[in-house]
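Hello,

Here is the structure I promised to pass on. Please have a look at it first, and then read my notes below.

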Amino acid sequence: RVSSFQKLLVDTCRGDPELCAQFLDRLFNTLNWTITEFGVTLKETLEVATRSPTSDLTQHKRKCSVMFELSVTLQRVLEFLTKETPEVFLKPGSLDLHRLTESVVFVLSHVTIGPDAVVFDKALTQKLAPKDKVSKAVILAPIAGILLNLARAESDATEALSRLADDDDDGDDDDDQESRFHTETETLPEIVESIAKTLAKSNVDIAQLEFLRDFNWETHFWFPVEGKAGPETFGREGVLGRDNCTSRPAALTDFFKRVRTTRAELERIADAEDARSIPDEFIDPIMQTVMVDPVTLPGSGQVVDRNTIRRHLLSDKTDPFSRSVLDETMLIGNAHLRQRIEKWRAEAPPSAPSLADVD
C-alpha cells in the first residue's frame, strides 16, 4: 500500500521533472557517499582490531551501522521509484538511468566480489560489524528489486505497444484504429531505454551479477503467513512472498542472460569499429568514444556528445574547455555531424551491427 508521502513523491516526480532531477541527483550523490563511508569505516575497524585486539570498537561499529542503514534506506527509495515511476529512468536519453546504473555497480563492487567486498567479508567473519544490522541480504535485496522493476516495466511497455499495434479484431475501420492507437499510446509511460543494455555498457563485472543471481534469498527472508500476499517490493522488511522466492531468482537469471548477450554484442561492435578508420571529428574529446548525439558548446566551440556534457553540468555549470557559463539550454545541436556519424555506422560491414540494433 502506498502511503500519502509516497503518493506525493510519485506525483511530484511525474509532475515536476526539474525538481525530480534535482532530487535524484542528491539521492545518487548521497548514496555514493554513504557506501563510500561504510567501506572506509569497515577498513578502519579492521585496522584498529588488527593493531589492538582489545580496543573498544563501539564507535566504529556504530558508524558502520549508521552508514549501512542509510545506504539501504536510500536504495529502497530508488527501488520504490523504479517500481512506481519507471518512466523517469527509461525515458529517451535518460541520464538518471546511467547514474542509477553507476550506483548499482558501485554497491555491487562493495558487497559481492572485488577488493572492497573482501573487506566486507572479513568484517562479517570477524564479527566487527553488527550482525543484526549489517548483512549482504539486506543491502542486495533493493538492488535486485531495482533491476527487476525496470526490466519488468520495459517488458510491459513493449508488450502493451505490441498488443495495441496488433489489435485489429474489433471491426473498426482504419481511421478509427489509428485514432485509438494514438490515443492509447499517448497514455502509456514513455519507456524506450533499456536497463539491461545500460548495465551491459557499464563496467560491472559479470561475476558480480552472477553473485546476485545465485544469492540464497530463502535463507535470509522468511515466508509470510500462508494465504496472505507478500509485499511487492523485493526483500522489504525481511519478508519475501512465497511466489517471489521462486520467481525472482528465475527473473534474475533471465535478466542477466540478456545483459551477458548484450555485452557480447557491444564488444563485437566495438571491435568492428576499432578495426575501421574512425574520423577524428566523430570522437568525443572527453570520453574518447564515438559520439551519438554531438552538440557544440557555445563558449569554446568544442563538439562533445550530449550525454557527456549533461553529466558534466550536474556538478559544474561551466564549459569544461573555456570555463564560461553553460547550461543545457545553451547546447547547440550538430545535426550535420550526427547524420555523418549515423551514415558511417550504417555503412559498417554486415557482421558488425549498429548500436541501435543491440537489445
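First, the ground rules. This is a predicted model, in which local features need pLDDT of at least 70, side-chain atom pairs count only at pLDDT 80 or more, and totals for chains, interfaces and linings use all residues. Residues are numbered from 1 along each chain as its sequence is written, and side-chain values use heavy atoms, with hydrogens and water left out.

**Salt bridges**

The structure holds 18 salt bridges, each being a side-chain nitrogen of Lys or Arg within 4 Å of a carboxyl oxygen of Asp or Glu. In one of them, Lys63 meets Glu37 at 3.3 Å, N to O. Lys63 sits in helix α3 (residues 58-84) and Glu37 in helix α2, so this pair ties together parts that are 26 residues apart in sequence. (Helices here are DSSP runs of H or I with at least four residues, numbered from the N terminus.) Lys63 is partly exposed, at 34% relative accessibility; buried means under 20% relative accessible area, exposed over 50%, and partly exposed in between, with a 1.4 Å probe and protein chains only.

Glu154 and Arg258 also form a salt bridge, again given as 3.3 Å, N to O. Since Glu154 belongs to helix α7 (residues 136-166) and Arg258 to helix α11 (residues 242-275), the pair ties together parts that are 104 residues apart in sequence. Glu154 is buried at 13%, whereas Arg258 is partly exposed at 29%. Elsewhere, Arg323 pairs with Asp316, with the closest N and O atoms 2.6 Å apart.

**Helix α5**

Helix α5 (residues 95-111) has 17 residues and spans 25 Å from its first C-alpha to its last, close to the 24 Å expected at 1.5 Å a residue; the expected span is 1.5 Å times one less than the number of residues. Of those 17 residues, 14 are buried, so α5 is largely enclosed by the rest of the structure. Ser94 caps the N-terminal end of α5, with a side-chain oxygen 3.3 Å from the backbone nitrogen of Asp96. Arg99 lies in this helix and is buried, with a relative accessible area of 7%. The side chains of Arg99 and Asn29 are joined by a polar contact of 2.7 Å (a pair of N or O atoms within 3.5 Å, where one must be able to donate a hydrogen and the other to accept it; residues adjacent in sequence count only if both atoms are side-chain atoms).

**A pocket and a cavity**

On a 1 Å grid over the protein atoms alone, a cavity is a set of points where a 1.4 Å probe fits but cannot get out, while a pocket is an open set with protein on both sides within 12 Å along at least five of seven lines; lining residues have an atom within 4 Å of a point. Grid points are joined across faces, edges and corners, and a volume is the space filled by probe spheres set on the points.

The second largest pocket has a volume of about 710 Å³. Of its 23 lining residues, the closest to its centre are Pro17, Glu18, Ala21, Arg310 and Glu328. Helix α2 provides the largest share of this lining, six residues.

There are two cavities of 30 Å³ or more. The second largest cavity has a volume of about 50 Å³, and α2 gives the most to its lining, with four residues.

Best wishes

Conventions
Helices (H or I, at least four residues) and strands (E, at least two) are DSSP runs, numbered from the N terminus.
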